[in-house]
Amino acid sequence: MREFSLDLVRVTEAAAIAASAWVGSGNKELADRDATDAMRDRLNNIDFAAIIKIGEGKKDESYGLFNGERVGKRSGDAQYDIAVDPIDGTTPTVTSGPEAISVMAVGNVGSMFCTDEHYMHKLAYGPAIAAKCELNILDPLEITLRKVSAATGKDLKKLMVCILNRERHAPHIATMRSLGVRIKLIQDCDISGAISACRMESGVDLCFGIGGAPEAVITAAAMKCLRGGFQAQIVNKKDMTLQPRVFHIEDLLKGPCTFVATGITDGGLLRGVRTTERGPLTHSVVMRSESGTVRFIEARHGN
């Protein structure tokens with residue numbers, strides 16, 4: 001894949017800066033509008049031809065970017081698929097909560113899976129676990145936790161699982177509490193939650209549960225770059241039942257990819273946008289699957 005990481009970072013930086021103007025405002029609609037417009041504008045300034053394969057417009061009835069939208073300076077056939085989320089964590093953005101990021105993933109054209117369903121059940125874990133045991137999202141949660149305990153050498157009571165704080169997860173939370181497993185309940189932003197399973201300093205061993213389907217492809221890109229493990233199942237929105245097929249990373253995103261994110265509000269992975277006399281200060285990460293390189297970038301932007 002062509003190396004244009006810095007161009008991509010500028011995209012999420014622009015979206016994060018635009019979104020940061022609405023931190024604490026309570027106005028999700030305008031935050032989403034401005035972040036989306038900024039992201040689209042920057043994408044259209046990159047010297048490539050790309051197509052939005054995974055967008056948030058249909059699911060959230062937002063301003064896009066919409067599936068099938070063409071971006072980039074070049075005309076002709078698209079060279080790349082793009083998955084975007086101008087604001088992953090609209091609620092924490094407008095309530096000054098944690099972990100909101102602007103994020104995107106880029107792969108070769110035809111590389112990304114997409115579905116009209118809104119939700120996927122997900123299991124994410126770090127490279128140390130992926131190297132030592134075979135996890136299966138179809139297994140009962142207790143079996144998965146016992147496999148992880150054996151792989152990590154941790155007692156069950158020392159494991160930590162990140163899961164969205166939703167009523168649909170009540171049975172899983174009850175299971176974990178009965179086993180004494182520690183739980184990190186998050187309100188939003190399961191992309192960051194999945195990445196935390198690859199960061200030793202986070203203390204998180206697994207990220208588990210049902211979240212947004214568009215975010216699954218972006219998460220798969222991050223986990224591929226970080227050499228972690230990731231599995232997902234489609235969830236039928238009508239009755240929240242699981243479809244039997246298990247999607248692995250290569251099913252969701254084939255071949256090389258790049259993952260980019262910029263913090264909007266402070267989180268475990270990235271700091272949020274800071275306002276200074278000289279202009280906004282941003283904190284971003286860019287990852288490449290081909291090399292496994294992870295770069296953190298702090299940038300000061302002019303007024």
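Contact here means heavy atoms within 4.5 Å, and helices (H or I, at least four residues) and strands (E, at least two) are DSSP runs, numbered from the N terminus. The model is a predicted one, so to speak of local features takes a pLDDT of at least 70, side-chain atom pairs count only at pLDDT 80 or more, and totals for chains, interfaces and linings use all residues. Residues are numbered from 1 along each chain as its sequence is written, and side-chain values use heavy atoms, with hydrogens and water left out.

Two helix pairs come up here. For both, axes are lines fitted to C-alpha atoms, for helices over the stretch in contact, with angles running from 0 to 180 degrees between N-to-C directions. Take α1 and helix α2 (residues 28-43): their axes come within 8 Å and cross at roughly 155 degrees. That puts α1 roughly antiparallel to α2, on a scale where angles under 35 degrees count as roughly parallel, over 145 as roughly antiparallel, 65 to 115 as roughly perpendicular and the rest as oblique. On the α1 side, Arg-10, Val-11, Thr-12, Ala-14, Ala-15, Ala-18 and Ala-19 meet Asp-34, Ala-35, Ala-38, Met-39, Arg-42 and Leu-43 of α2. Sorted by type, the residues of this α1 and α2 contact come out as nine nonpolar, one polar and three charged. The classes are simple: Ala, Val, Leu, Ile, Met, Phe, Trp, Tyr, Cys and Pro count as nonpolar, Asp, Glu, Lys and Arg as charged, and the others, Gly among them, as polar.

Helix α6 (residues 141-152) and helix α7 (residues 170-179) pack at about 45 degrees, their axes 10 Å apart. This makes α6 oblique to α7. From α6, Leu-141, Glu-142, Leu-145 and Arg-146 make the contact, and α7 supplies His-172, Met-176 and Leu-179. The residues of the α6 and α7 contact split into four nonpolar, one polar and two charged.

Back in α1 (residues 5-20) sits Ile-17. With 24% relative accessibility, Ile-17 is partly exposed; buried means under 20% relative accessible area, exposed over 50%, and partly exposed in between (1.4 Å probe, protein chains only). Beyond its neighbours within four places in sequence, Ile-17 touches Val-273, Pro-280, Thr-282 and His-301. Its C-alpha atom is 9.1 Å from that of Gly-263, 246 residues away along the chain.

On to the rings. Rings of Phe, Tyr and Trp (its six-membered ring) pair if their centres lie within 6.5 Å, with planes under 30 degrees apart counted as stacked, over 60 as edge-to-face and the rest as tilted. By this rule there are four aromatic pairs. In one of them, Phe-113 and Phe-247 have ring centres 4.6 Å apart and planes at 45 degrees, so the pair is tilted. Phe-113 belongs to the loop between β4 (101-108) and β5 (119-125) and Phe-247 to strand β11 (residues 247-248), so the pair ties together parts 134 residues apart in sequence. Both Phe-113 and Phe-247 are buried. Elsewhere, Phe-4, Phe-48 and Tyr-80 form one aromatic cluster.

Glu-99, in the loop between α4 (90-94) and β4, has a positive phi of about 75 degrees without being a glycine. Cys-189, in the loop between β7 (182-186) and α8 (190-196), likewise is not a glycine but has a positive phi of about 70 degrees. Cys-189 is buried, at 6% relative accessible area.
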